[in-house]
Amino acid sequence: MSDEEISHAPDRKSKGRVARAAWMTGRVLVALASAASLVAAGMARDTVQTVRENVPTSDVFTEEVERTAPPADDGADDYLIIGSDTRTDAKGNPLPEKVLRQLRTEASDGLNTDTIILLRIPKGGGKGYAISFPRDTYVSIPGYQDDKINSAYGVIKYRTAQKLRAEGKTDRAEVDRLSSTAGRSALTQVVHDLTGVRVDHFAEVNLYGFYLLTEAIGGVRVCLNHATSDPNSGANFRKGVQKVSGGSALAFVRQRDGLPRGDLDRIVRQQAFLGSAMQQLLSAGTLTDQGRLSALTDAASKSIVVSPGLDILQLARHLGSMSSGAVEFVTIPVVAVGARNERGQSIITVDVPQVRQFVAQLLGRQAPPRFAAAPRPLVLDGALPRQRPAQQQPTIIDGVRCVD
């Protein structure tokens with residue numbers, strides 16, 4: 001599947017169909033690792049420093065977030081990593097209409113974070129875990145109501161912006177900065193409440209950055225068990241191994257219609273995509289190509305927002321261990337897929353004590369007694385390590401994991 005080149009010239013807004021950007025694990029982690037991994041390879045220290053100086057920061061850990069957070073000593077360094085479908089770059093500059101059409105998000109008015117990962121790295125060494133949260137997971141959002149987890153950031157950002165304007169603030173950049181921080185903080189609180197884990201670091205990447213990053217590394221090899229076509233996401237792929245980048249990479253990781261388990265299978269795609277992307281990023285061919293290094297640096301500066309104090313180099317070391325199996329991808333356990341809330345929305349329900357127990361036991365710990373497990377929910381990827389049934393090994397072709 002070929003991608004036409006993105007034009008940066010303004011264009012008229014088209015009347016394309018509304019397509020929520022369902023965004024993925026891969027773009028966030030690849031963005032964060034793109035320049036930092038170069039130092040691990042003994043290269044381009046000046047390039048990494050340039051990225052450090054240009055990546056925007058956001059004070060996510062407000063006094064309220066810290067006050068309500070779980071205990072700090074949970075045995076791991078915990079990174080909350082999200083992908084947003086914001087229609088601006090990382091510095092708040094609006095994207096041209098033609099770019100939005102290429103990304104299939106020009107008609108969307110809201111902001112969603114359809115990729116949410118909690119990366120847990122044990123402080124004493126050992127296996128780490130990248131925990132995925134289905135976008136439709138039904139949770140309590142502080143200061144709002146029960147809703148899907150992917151809406152927490154956007155709805156609190158919107159409500160905060162309204163409040164700031166009502167108070168007389170007219171500076172668009174300031175309103176965007178303050179409201180975005182409020183949205184990130186709200187999502188952090190949601191993850192605190194759902195998992196019982198205190199988030200130590202926060203990182204966000206936007207969909208435009210993902211597009212640029214996949215182009216910069218020369219595409220990502222993926223493999224499908226079956227041919228697939230989905231007009232909603234733009235996915236149109238043959239069976240077997242193939243390389244995707246730019247718009248085709250976005251289509252690959254956003255498809256959920258037509259997949260056996262819908263959003264849950266989309267997460268599996270995201271996880272497989274990330275593993276392949278990290279291998280490509282850390283390969284000698286990528287790291288020694290000066291043109292790609294320059295493109296990676298530019299993409300990272302446009303796509304990433306992090307909390308103050310996040311060490312990109314340290315995170316890169318963690319991410320680099322994914323290809324060796326030192327970090328395992330898992331998905332939280334769920335109770336029901338396709339349930340309906342009182343507003344008629346399709347949601348995924350979870351048992352909070354069970355989720356907390358699952359997350360704690362990944363590192364060999366026990367959840368506090370007040371969060372003792374309820375009856376075991378529907379087991380998906382989120383079966384506890386000792387409870388996981390024997391599963392058929394995925395097909396591997398030319399070193400690439402095949403998925404539905």
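This report walks through the sheets, nonpolar cores and helix packing of a predicted model.

## The six-stranded sheet

Let's start with an open sheet of six strands, ordered E11-E6-E1-E2-E3-E12, in which the pairing is mixed. Its edges are strand E11 (304–306) and strand E12 (327–331); each has a single partner strand, so one side of each is left without a neighbour in the sheet. Ignoring direction, neighbouring strands here are turned by 20° against each other on average.

If you want a residue pair to look for, Glu204 has Val305 in E11 as its bridge partner.

On one hand, E2 pairs with strand E1 (residues 76–84) through eight bridges in the antiparallel sense, and Ile81 stands opposite Ile117 of E2. On the other, four bridges link E2 to strand E3 (residues 128–132), again antiparallel, with Leu119 opposite Ala130 in E3. The hairpin of E2 and E3 has five residues between the strands, and Gly125 takes a positive phi near 90° there.

## The nonpolar cores

The largest nonpolar core has 33 residues, and the members that touch the most others are Ile116, Ile131, Phe133, Ile149 and Leu194. Strands E1, E2 and E3 together with helix H5 (152–166), H6 and H13 each supply at least two residues of this core. H6 gives the largest share, five residues. A second, separate core holds 30 residues, including Ile217, Val220, Val222 and Phe237.

Setting aside neighbours within four places in sequence, Ile149 is in contact with Thr113, Ile116, Phe133, Pro134, Arg135, Thr137, Val139, Leu187, Val190 and Leu194.

## Where H6 meets H13

Two packed helices are described by the angle between their axes and the distance between the axes. Helix H6 (residues 172–195) packs against helix H13 (residues 352–362) at an angle of about 90°, and their axes are 7 Å apart. That makes H6 roughly perpendicular to H13.

The residues in this contact are His192, Asp193, Leu194 and Thr195 from H6, which meet Val352, Val355, Arg356 and Val359 from H13. Sorted by class, the contact has four nonpolar, two polar and two charged residues. Leu194 is a link back to the core, where it is one of the residues that touch the most other members.

## The four-stranded sheet

A further open sheet is built from four strands in the order E10-E7-E16-E15, also with mixed pairing. Strand E10 (240–244) and strand E15 (396–397) are the edge strands, each pairing on one side only. Five bridges join strand E7 (residues 220–224) to E10 in the antiparallel sense, and Arg221 has Lys243 in E10 as its bridge partner.

Finally, look for helix H9 (residues 263–281), which lies across E7, E10 and strand E16 (400–403) and runs at about 140° to E7.

How values were computed
Residues numbered from 1 in each chain as written. Predicted model: local features only at pLDDT ≥ 70, side-chain atom pairs only at ≥ 80, totals over all residues. Heavy atoms only, no water. Axes fitted to C-alpha atoms, helices over the stretch in contact; angles between N-to-C directions. Parallel < 35°, antiparallel > 145°, perpendicular 65-115°, else oblique. Contact = heavy atoms within 4.5 Å. Nonpolar A, V, L, I, M, F, W, Y, C, P; charged D, E, K, R; others polar. Pairing = 2+ DSSP bridges. Core = buried A, V, L, I, M, F, W, Y, C linked by side-chain atoms within 4.5 Å. Buried < 20%, exposed > 50% of the residue type's maximum accessible area, 1.4 Å probe, protein only.
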